[in-house]
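This report concerns one chain of a modelled assembly and its contacts with a partner chain. The sequence and structure are shown first.

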Amino acid sequence: MGIPSAPLVTKAFKDLAILNAAKRGMPHERICFTPHPVWGKTPEEVRAYVEGPDPVSGKPLMKEVVDALTVPLSDEERKLGMVTISVGPPTFTDTAENLQDFYLNNGYTDFLPIILPTEEKVDRMMKGSSHKPDEVVGKMAAGAYPPWSYNVRQVAASAVMAGCRPEYFPIILAIASSGTASLFSSTNSFAFAMVINGPIRDKLEFNYGIGALGPFAQPNATIGRAWTLLSKNLGNGGIPGDTYLGSLGNNLNYNNVVIAEHEDASPWVPFHVQKGFKREENVVSLFRGLGVVPGQVARGSSANENVQFDYQMSDLFSTFTGFFGALIIADPLVAARLKEQGYDTKEKLIDWLYKNTTQTVKDYKSRNYAYLFDYPRALRGDEPWATWYKLPDDAVIPHFPRASDFNIVVAGGQTNAYPQAGNLSYSASVSIDKWM
Amino acid sequence: MNRRTLLSLLGMSPALLTTEPALAGQSTAPAPKSGKASLPTGEGKITTINPKGTPPPIQLIPMAPRLDTLDGKTVYLVDTGFHGSDVLLQQIQAWFSRNMPGVTTVFKRKAGPYAEDDPALWKEIKSKGNAAIMAVGH
């Protein structure tokens with residue numbers, strides 16, 4: 001802004017605040033700290049914070065604030081120039097045992113044993129694609145940080161570490177090219193998912209039958225794991241306190257939710273065709289959100305001849321935040337029943353769900369995400385939130401802002417008619433063929 | 001962990017923390033923090049690829065000159081929208097009234113969700129204010 005400023009951050013985010021300021025060019029920014037949390041405290045409790053010490057420096061907080069705005073700048077604080085950040089040498093040499101420890105201790109892994117990315121293995125991985133080792137693949141950041149860049153060789157190293165085969169490599173490159181990290185800095189402990197479509201599902205023997213979302217096939221397991229390793233190594237994600245703040249974390253981050261769509265058993269068009277690709281194209285689509293829940297918990301899920309999956313799904317979604325979308329993962333038995341009920345296209349089901357998954361304004365306003373994200377948009381006049389916030393508490397509004405917040409894929413082994421659903425938003429579909 | 005240690009973990013050169021002026025184009029020390037993986041190739045040893053991507057260089061941004069005093073000045077109190085930010089800034093506003101009554105405070109809520117920019121507000125603060133306090137993260 002060109003005028004002195006003093007950011008106030010709660011103590012829990014000290015490392016994040018200092019490091020992110022440094023990454024943005026202000027390693028000596030005068031950050032002042034309050035106790036944590038401020039959220040939920042009474043004005044009297046917060047007054048005690050203001051009149052008490054900065055929990056980091058131990059000095060009176062308001063003296064810190066006033067000093068931040070008035071004490072003349074030091075020589076350090078006036079520095080200009082460009083600083084490069086080193087991530088170490090391009091290769092490491094040692095025994096395999098020591099290297100396993102080295103990769104683990106330096107945060108290169110998911111804390112499970114890895115396949116060491118020897119030069120030979122990385123070269124073999126790169127033969128899975130026609131793209132050159134030094135070709136830039138993309139940029140990635142695990143939040144509001146300056147993104148890191150990476151080339152084909154750097155992507156291949158993480159693919160090897162995850163246990164991928166070279167023939168999986170175009171999918172890994174497609175994911176990397178999206179720039180989407182599967183570890184995100186938010187305190188919300190986000191989960192991520194990918195949907196694989198096209199003939200490559202059979203060529204690589206993805207599992208989209210019994211246990212489609214479980215650990216029952218190498219491509220499902222290792223490609224999902226690779227996404228997390230890419231996010232750590234290429235996007236600098238997953239550093240607790242710095243680039244990862246999820247309070248509880250998310251077990252899905254180990255290998256993410258990998259869904260190969262069961263295209264042949266689906267009564268509807270495949271997901272990638274909905275997104276404008278041809279059926280014969282190979283595509284990976286990415287999602288971000290909070291996680292996945294089973295349909296069995298919903299009202300209307302009693303397994304009888306009258307089971308109505310539309311009502312069941314709508315009930316399931318009523319606990320979701322509308323900030324993220326709803327991804328329906330329908331077993332083929334579920335999809336077939338829905339078609340029998342008249343939903344002969346995904347769009348018809350989505351339209352019904354959008355119109356019938358509703359909430360009162362009172363319930364809506366009580367939700368965390370509404371306060372944090374929608375209310376500021378409403379104040380700015382953004383729709384539909386501006387209108388929603390003007391309505392009376394008993395007015396009924398859609399649970400999700402747009403019909404496009406709903407997405408449907410079909411997977412599963414048809415051993416029972418159970419859907420699952422993710423509070424997950426669609427973010428992008430990327431061609432795998434481009435990276436062959 | 002102090003700021004120096006934190007910046008060291010980031011891979012920033014210790015020179016960044018000194019008063020040496022020449023930083024342009026400077027390369028810093030390797031980031032890996034532990035392990036023995038830099039020994040010569042020999043029997044039983046293998047060579048592996050560093051899987052890390054490439055961080056962008058950091059352009060240092062000069063901090064704005066500080067004020068001689070806040071007395072008689074206007075300080076904007078900017079609410080980011082995080083839960084409790086308004087309560088905290090209202091208490092800070094009250095503190096100024098009690099302890100530094102010569103300071104004029106202006107409370108403003110930043111437009112949009114917390115992560116979105118608000119250039120109109122920054123422009124207003126620059127033209128009408130002398131300093132800003134932004135809270136809270138989080």
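## Basis of the report

The structure is a predicted model.

## Architecture of chain B

Chain B contains 3 helices and 5 strands. Read from the N terminus, these elements follow the order α-β-β-β-α-β-α-β.

The chain comprises 138 residues, of which 33% count as buried. When contacts in chain B between residues at least 6 apart in sequence are considered, 64% of them join residues at least 24 apart.

## Interface with chain A

On the chain B side, 82 residues are in contact with 90 residues of chain A. Several elements of chain B each give two or more residues to this side: the helices H1 (3–9), H2 (85–99) and H3 (119–128), together with the strands S1 (45–49), S2 (58–59) and S5 (131–137). S5(B) provides the largest share, with 7 residues.

In composition, the side of chain B that touches chain A divides into 46 nonpolar, 28 polar and 8 charged residues.

## Strand pairing between the chains

S1(B), one of the elements on the side of chain B that touches chain A, pairs with strand S4 (residues 91–95) of chain A. The pairing is antiparallel and extends over 5 bridges. Within S1(B), Lys45(B) is the bridge partner of Thr95(A).

Terms used. Residues numbered from 1 in each chain as written. Chains lettered and ligands numbered in written order. Predicted model: local features only at pLDDT ≥ 70, side-chain atom pairs only at ≥ 80, totals over all residues. Helix = DSSP H or I, 4+ residues; strand = E, 2+ residues; numbered from the N terminus. Buried ≥ 20, exposed ≤ 12 C-beta atoms within 10 Å, placed from the backbone. Contact = placed C-beta atoms within 7 Å. Nonpolar A, V, L, I, M, F, W, Y, C, P; charged D, E, K, R; others polar. Pairing = 2+ DSSP bridges.
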